Amino acid sequence: MIQSDALKLDGLSHGFFTRRGGFSTGIFSSLNCGLGSGDDRDVVLQNRALVAQTLGVDPGKLLSAYQVHSPDAMVVTGPWPTQDRPRVDALVTKTPGVALGVVTADWGALLFADARARVIGAAHAGWKGALTGVTTRTLETMESEGAKRENIVAVIGPMISQAAYEVGPEFPSRFIDADPSNQRFFAASPRPGHFMFDLPGYIEARLRSEGVGSVVNLSLCTFSDEERFFSYRRTTHRNEKDYGRLISAVSLSED
């Protein structure tokens, strides 16, 4: 796994897990943690148990939602059956021994912590969730649990970089209509009429504008680093039938 020094805090465990070190084979090799993938479910659960063990929590307490590209966030107080995952894109807790995870394969995995208030969060941010305010909702939900925005650390994990994220001619207006200054996140593509979109840059700027105390962007590209990361876009370029999912997670210790 990859860690950020910003989240190496007392009473906190976290990791942006790579595709290495699991039990899956073939296109899912090897630490595929996606319950929604076509991989063998029992193998995925074994992979997730490895992640839970690394974080120091029970396998049943490594929780991830059924992500729907929404801005919605919820407070977590305990586990749920994997078949009953809530349809949200951000999770927040102050309950020790629970790990909050987000599953990605190009989109943003964001981990949050207010170590003073002992409140943590995890958010999935694709372009739609980022634009409609998943970071805003995550921060508000953390504040409802006692966090203070100026004390929150937010880390942007591995995700698709601007160099690999080409969008069509109709795409930029979604962001520029919301805020003309968002033009700065688009660069010309070699293909006429297309653009290269800096989604991690947009997320970082948005978090800073929302008053987060510390924002760290790991600047790791899932598309270009096949050895370490799964990538939905790389899979579609190759016309492969499916793809593995990475997991990123954070937990509070029970000590």
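Four strands make up an open sheet in the order S1-S13-S5-S2, and their pairing is mixed. The edges of this sheet are strand S1 (12–16) and strand S2 (62–64), each of which pairs on one side only. On average, neighbouring strands of the sheet are turned by 25 degrees against each other, direction ignored. The model described here is a predicted one.

Inside this sheet, S5 and strand S13 (residues 246–252) run antiparallel and are joined by six bridges. Within that pair, alanine 99 stands opposite serine 251 in S13. Helix H1 (residues 41–55) lies across S1, S2, S5 and S13, and its direction makes an angle of about 120 degrees with S2. The loop between S1 and H1 contains serine 30. The peptide bond from serine 29 to serine 30 is cis, with omega near 0 degrees. This deserves a remark, since most peptide bonds are trans.

Next comes a residue of S5 itself. Threonine 104 belongs to strand S5 (residues 99–104). Is threonine 104 buried or exposed? Threonine 104 has a relative accessible area of 4%, so it counts as buried, the cut-off for buried being under 20%. Not counting residues up to four places away in sequence, threonine 104 touches Ala109, His124, Arg245 and Leu246.

The chain then passes through the loop between S5 and S6, where aspartate 106 lies. Aspartate 106 has a positive phi of about 150 degrees although it is not a glycine. Most residues other than glycine have a negative phi. With a relative accessibility of 4%, aspartate 106 counts as buried.

How are the buried residues of S6 divided between its faces? Gly108, Leu110, Phe112 and Asp114 are on one side, while Ala109, Leu111 and Ala113 are on the other, and both faces are covered.

S6 has a pairing with strand S7 (residues 119–125), antiparallel over seven bridges. S6 also pairs with strand S8 (residues 153–156), in the antiparallel sense over four bridges. Leucine 111 can be followed into both pairings. In S7 its bridge partner is alanine 122, and in S8 leucine 111 stands opposite valine 155. S6 and S7 form a hairpin, with four residues between the two strands. In the turn of this hairpin, arginine 118 has a positive phi of about 55 degrees.

Helix H3 (residues 134–144) is the next element to consider. Its buried residues include Val134, Thr135, Thr138, Leu139, Thr141 and Met142. Why can these buried residues of H3 be said to line one face of the helix? Seen down the axis of H3, they fall within an arc of 165 degrees, so they line one face. What do the buried residues of H3 pack against? Their partners are strand S3 (73–75), strand S4 (90–93), S6, S7, helix H2 (127–132) and helix H5 (199–209). H3 is followed by glycine 146, whose phi is positive, near 110 degrees.

Threonine 136 is also in helix H3. Its relative accessibility is 21%, so threonine 136 counts as partly exposed. Leaving aside neighbours within four places in sequence, threonine 136 is in contact with Arg206 and Glu210. The side chains of threonine 136 and glutamate 210 are joined by a polar contact of 2.4 Å. Threonine 136 and aspartate 72 are 64 residues apart along the chain, and their C-alpha atoms are separated by 9.4 Å.

One more loop residue remains. Serine 219 is found in the loop between strand S12 (214–217) and helix H6 (232–237). Serine 219 has a positive phi of about 55 degrees although it is not a glycine. Is serine 219 buried or exposed? With a relative accessible area of 59%, serine 219 is exposed, whereas aspartate 106, which also has a positive phi, is buried.

Key
Residues are numbered from 1 along each chain as its sequence is written. This is a predicted model: local features need pLDDT of at least 70, side-chain atom pairs count only at pLDDT 80 or more; totals for chains, interfaces and linings use all residues. Side-chain values use heavy atoms; hydrogens and water are left out. Buried means under 20% relative accessible area, exposed over 50%, partly exposed in between (1.4 Å probe, protein chains only). Two strands pair if DSSP finds at least two bridges between them. Contact means heavy atoms within 4.5 Å. The arc is that of the directions from the helix axis to the C-beta atoms. Axes are lines fitted to C-alpha atoms, for helices over the stretch in contact, and angles run from 0 to 180 degrees between N-to-C directions. A polar contact is a pair of N or O atoms within 3.5 Å; within protein, one must be able to donate a hydrogen and the other to accept it, and residues adjacent in sequence count only if both atoms are side-chain atoms.
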